[in-house]
Amino acid sequence: MGIDQRTQSDHHIWWHNAAVYQVYPRSFFDGNGDALGDLVGVQNKLPYLAALGVDAIWLSPFYPSPQHDSGYDVADPRGVDPMYGTLQDAQSLINAAHDHGLRIMVDLVPNHVSQDHPWFQAALAAGPGSPERARFHFLDTHSDEPPNNWVSLFGGPAWTRTTNPDGTPGQWYLHVFDSSQPDVNWTNPDVAEDWIRTLRFWLDMGVDGFRVDVAHGLVKDMNYSDLPDPVGLTEALRFDLDDGSPEMAAKRLLIENSGFFDRDELQDIYATWRAVLDEYAGDRMAVSEAWVPPHRASRYVSPTSLHQIFGFDFLVVAWDAEIMQGTILKAMSAVADVNAPPTWALSNHDSPRVVTRLGGGEVGQARARALAVVAHALPGAMYVFQGEELGLADADLPDSARQDPVFSRTKGAQKGRDGARVPLPWSGAAPPYGFTESTTNTWLPQPDDWAQVTVEAELSDPRSILNLYRTTLHERRAVTGPVTFVDSGSENVMIFSRDSGFHVAVNTGSTPWDIGAMFPNCSVMVSSDMQVGGKEESLPPNCAVWFIA
Ligand code: BGC
């Protein structure tokens, strides 16, 4: 059923409980034989995505870019990079996705542009004091030191000095990320206007939603005041994962007071965006990537702001039933007061893959499956990063292959995010595993031991994680009702119920747990180890089940 028919037949708001699949275009599927993923490749695989049971696709940036940060350095937000195709390919993909009943979300990167963006080039050419420079954060200093002690999230100072035409040192510009990603100045009216144009451009092409990159970062402290603890902040800003500890909470606080995150003025910007989105039919939406503490989250999801905020809790949650329960409660209550649905993600292109994070090897595999079985039974929207459904682990890359600016800017102290971004394995027993027909090496090398985790291999294995995802992503649409936690009597077993006797249990301990003793009439519907039948009495370690009782 296509999108239009579905909208007319019921008034269900699609993003309230959508499962959204994140496509990282460069590594998804090569449709034109040049060893790089592209938009035609995504279109070719729409039947795969529809059969997986997702409702929407979020495309990471495919805009013209010099690719210093894998496309998050955008040179033209209203175009398509030739390496990914053309605007016609984008239009064709949007239409074809709708024909498959899938929504399309695109990524917006409003915090910064690429150094190749015409605005930044014009600013460099125009010189100090010009209207062109006023679209960015250019400052003078009277010494060789940067204007303040702000740090880049990718390591090193957040300022880079320009050189004047006569070769003398010039002004400094702000970049919260790589020096190739100058931050734009959101107090400048040109910036706000141009972003409205970009929103309308993609809405007119028929996209259903936006993912807003660094949504909490657009507005800066215009006094550019020094930070009290830049060293602590440098640590806190690392892309390493939060383990939920009080130490990490303190780091988050530092970020909150960083001078460039989560400032109140942001909400005026999103109110304008919301008004534009609301003009369009079809429940268009925006999800914010805003790393803010729970008590600030609801500000990004209100009728005068954006629609969703990513819940990053499962990216970091410890393998511990009690912590998991607390995390779920916290995530749900963070958005409950504005009546917004929570969102869940086990992985994305900025994090280690969940299998790796939860221990790697067989244990990591089992836990990743179990966490998915838990997450897919929760209310709200689910974000699935490409390859998560195959149970991929982070690829162990040689340093010489790494491309993430995090690796180079920290001089290798942090390995960066490339391990999760390796091209997907589709078929066959050796690289490139059907990803491309080209014999050229893929942009990041694929591991030699992926023959068993290709789409082809997993589709033919009834116990594969792919078949588990296909089951739970389809079935989750029928799961309704509030989450009620049930005391299992064990600190290692978390149980919650939804409507109609539907229960979920997960065992994070090291010994089996006797479900039958507590639920004598339980009937297991789904088990994360795909061993349904004959095992209803026992929940093994690192396993989760859906059951009726
Ligand atoms: C994106 C990253 C990117 C950064 C700068 C993040 O939020 O998800 O991949 O490097 O923004 O755009």
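Reader: Which residue in strand 6 stands opposite Phe138?

Author: In this predicted model, three strands form an open antiparallel sheet in the order 4-6-5, and its edge strands, each pairing on one side only, are strand 4 (138–139) and strand 5 (159–163). Strand 4 is joined to strand 6, residues 169–174, by two bridges in the antiparallel sense. Within strand 6, the residue that stands opposite Phe138 is Tyr173.

Reader: Which residue is the bridge partner of Tyr21 in strand 11?

Author: Strand 1, residues 19–23, runs parallel to strand 2, residues 56–59, with four bridges between them, and in strand 2 Tyr21 has Ile57 as its bridge partner. Strand 1 also pairs in the parallel sense with strand 11, residues 381–385, again over four bridges. In strand 11, the bridge partner of Tyr21 is Val384.

Reader: How many Å apart are the end C-alpha atoms of helix 6?

Author: Helix 6, residues 189–205, has 17 residues, so at 1.5 Å a residue it should span 24 Å.

Reader: Against which elements do the buried residues of helix 6 pack?

Author: Among the buried residues of helix 6 are Val191, Trp195, Leu199 and Trp202, and Asp194 and Thr198 are also buried. The elements against which the buried residues of helix 6 pack are helix 4 (87–99), strand 3 (103–108), helix 5 (118–126), strand 7 (209–212) and helix 9 (266–279).

Reader: Does Leu346 count as buried or exposed, and why?

Author: Leu346 is found in the loop between strand 10 (343–345) and helix 13 (354–357). Leaving aside residues up to four places away in sequence, Leu346 touches several others, including Phe314, Leu371, Tyr383 and Tyr469. Because its relative accessibility is 1%, and the cut-off is under 20%, Leu346 counts as buried.

Reader: Which element gives the most residues to the lining of the second largest pocket?

Author: The second largest pocket holds about 390 Å³ of space, and among its 19 lining residues, Gln365, Arg369, Arg463, Ser464 and Ile465 lie nearest its centre. The elements that give two or more residues to this lining are helix 14 (361–375) and helix 16 (455–459). With four residues, the element that gives the most to the lining is helix 14.

Reader: How many of the residues that line the second largest pocket are charged?

Author: The lining of the second largest pocket divides into eight nonpolar residues and five polar ones, while the number of charged residues is six.

Reader: Is Lys411, with its positive phi, buried or exposed?

Author: Tyr224, in the loop between strand 7 and helix 7 (230–236), has a phi near 50°, a positive value in a residue other than glycine, and with a relative accessible area of 14% Tyr224 is buried. Lys411, in the loop between helix 15 and helix 16, has a phi near 55°. Because its relative accessible area is 77%, and the cut-off is over 50%, Lys411 is exposed.

Reader: What is omega for the cis peptide bond that joins Pro431 and Pro432?

Author: Pro432 is found in the loop between helix 15 (405–409) and helix 16. A cis peptide bond joins Pro432 to Pro431, and its omega is about 10°.

How values were computed
Residues are numbered from 1 along each chain as its sequence is written. This is a predicted model: local features need pLDDT of at least 70, side-chain atom pairs count only at pLDDT 80 or more; totals for chains, interfaces and linings use all residues. Side-chain values use heavy atoms; hydrogens and water are left out. On a 1 Å grid over the protein atoms alone, a cavity is a set of points where a 1.4 Å probe fits but cannot get out, and a pocket is an open set with protein on both sides within 12 Å along at least five of seven lines; lining residues have an atom within 4 Å of a point. Grid points are joined across faces, edges and corners, and a volume is the space filled by probe spheres set on the points. Ala, Val, Leu, Ile, Met, Phe, Trp, Tyr, Cys and Pro count as nonpolar, Asp, Glu, Lys and Arg as charged, and the others, Gly among them, as polar. Two strands pair if DSSP finds at least two bridges between them. The expected span of a helix is 1.5 Å times one less than its number of residues. Buried means under 20% relative accessible area, exposed over 50%, partly exposed in between (1.4 Å probe, protein chains only). Contact means heavy atoms within 4.5 Å.
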